[in-house]
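Biologist: Could you take me through this model slowly, and tell me for each description what it rests on?

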Amino acid sequence: MPEFVPASRVTRIKSSPSVAAAARVRELKAEGRRILDLTVGEPDFDTPQHIKDAATAAIGRGETKYTSVTGTPELQKAVLQTLQRKTGLQYTPAEITIGGGGKQVIFTAFMATLDQGDEVVIPAPYWVSYPDMVLANEGTPVIVSCGEDTGFKLTPEALAGALTERTRWVILNTPSNPTGAVYSREELAGLAAVLKDHPAVYVLTDEIYDEIHFGEERIAGMVAVAPELKDRVLVTNGVSKAYAMTGWRLGYAGGPAPLVAAINKLQSQMSSCPSSISQAAAAAALTGDQGFVRESVDVYRERRNAAVAGLNAVKGLQCATPDGAFYAYVNCAGVIGKTTPDGRQITNDEDFTLYLLEAASVAVIQGSAYGLSPYFRISYATGLPVIEESVAAIEKAVTALA
Ligand code: PMP
């Protein structure tokens, strides 16, 4: 048999490092090791009961068939209302799309718009999937490093410096995975001012964590701040994070009708539509009681405060306080160059995360996966006892370094 050769789009990309980290943790657990897992990118809560009930009721009513590519009338209405609530702007049915998770919506958006050599500006640290999604769709990721000095955020100057004739998209992710950084209205207005001079550039604002934020005001996205850009902004979101529904696979987006039509055309040939049952559940999530969201944010806030305070007390580590999502991005420059008790030198953040796994049984993800080193990402979508135990174990492991 001749050797299997995948398409070049497969060899161009790598598997998701967070999925790989989760697999490694599962492997170690299967070997009987107790691992304190801070890699998880999903809420540890169960999906609220009223959402599950809506799904069961949909099954009972026989809503188990294909739906329109753009979703059931109930979900469409819920998405339109939700977009209006979030952006303050009116969207029409022709301006929304739904898919099997925010991830699929973003992938399809790139597939619908990128030709070979088209550039996508990606601020780093970035969600691990963006560069590979761009590469898989023939595009060229243009990574712009955004350090701690700007709160891990893209500045107008950095944006202006990254735009070229070939720029098709700029990605903004607020609140951010992996840093938890949130763009203020002023910061978004500064970026919008640059974009005004580049009318061909589209903006993908990934707002999947927008309900998980720790400030008083609700998070403002790009279209709310600069409605004049609405005809070239794709707002992507989903029910995974806010409603603890990662397994239901349901995401949505609002954007200009021609772009949305292109996305829906591809979707009609790829999946036809997301699961009808998940659509019923998502409609209930978006239109039902929002108490779960508020309660879970209070829990995340408590965990964030414990994690940040604990990690900042460890000599050699420094952790900025994230404003949203359930991640913190920890600076580990202070441990690089040190030596482990068994004589190995820690030369980068990957060495350090491997050391934490071996010496402290704590699983975290190295900053190099997100495009900015030396850092590591922790997720605090896990119980307070695990966070406290992890921080203590990290402190012990760091103290043992020479
Ligand atoms: N964007 C970001 C920044 C994410 O972290 C994730 C999930 N890890 C997604 C999008 C996609 O989420 P889903 O496909 O579950 O909607």
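Modeller: The C-alpha centres of domain 1 and domain 2 lie 26 Å apart, and domain 1 covers 8-46 + 292-399 while domain 2 covers 65-287, with bounds that come from an automatic or database domain assignment. This is a predicted model, in which local features need pLDDT of at least 70 and side-chain atom pairs count only at pLDDT 80 or more, whereas totals for chains, interfaces and linings use all residues. Residues are numbered from 1 along each chain as its sequence is written.

Biologist: How many residues does each domain give to the contact?

Modeller: The contact takes 33 residues from domain 1 and 33 residues from domain 2, where two residues are in contact if their C-beta atoms, placed from the backbone, lie within 7 Å. On the side of domain 1 that touches domain 2, helix H2 (17-30), helix H12 (291-312) and strand S10 (327-331) each give two or more residues; here helices (H or I, at least four residues) and strands (E, at least two) are DSSP runs, numbered from the N terminus. The largest share of that side, six residues, comes from H12.

Biologist: What makes H3 oblique to H11?

Modeller: The axes of helix H3 (residues 49-60) and helix H11 (residues 276-287) come within 8 Å and cross at roughly 140°, the axes being lines fitted to C-alpha atoms over the stretch in contact, with angles from 0 to 180 degrees between N-to-C directions. Angles under 35 degrees count as roughly parallel, over 145 as roughly antiparallel, 65 to 115 as roughly perpendicular and the rest as oblique, so H3 is oblique to H11.

Biologist: Which classes of residue make up the contact of H3 with H11?

Modeller: That contact divides into ten nonpolar, two polar and no charged residues, where Ala, Val, Leu, Ile, Met, Phe, Trp, Tyr, Cys and Pro count as nonpolar, Asp, Glu, Lys and Arg as charged, and the others, Gly among them, as polar. Among the residues that make the contact are His50 and Ile51 of H3, and Ser276 and Ile277 of H11.

Biologist: What is noted about the peptide bond that joins Ala124 and Pro125, and about phi of Phe152?

Modeller: Most residues other than glycine have a negative phi, and most peptide bonds are trans. The bond between Ala124 and Pro125 is cis, with omega about 5°, and Pro125 is found in the loop between strand S3 (119-124) and helix H6 (129-136). Phe152, a residue other than glycine, has a positive phi near 65°, and Phe152 lies in the loop between strand S4 (140-145) and helix H7 (156-162).
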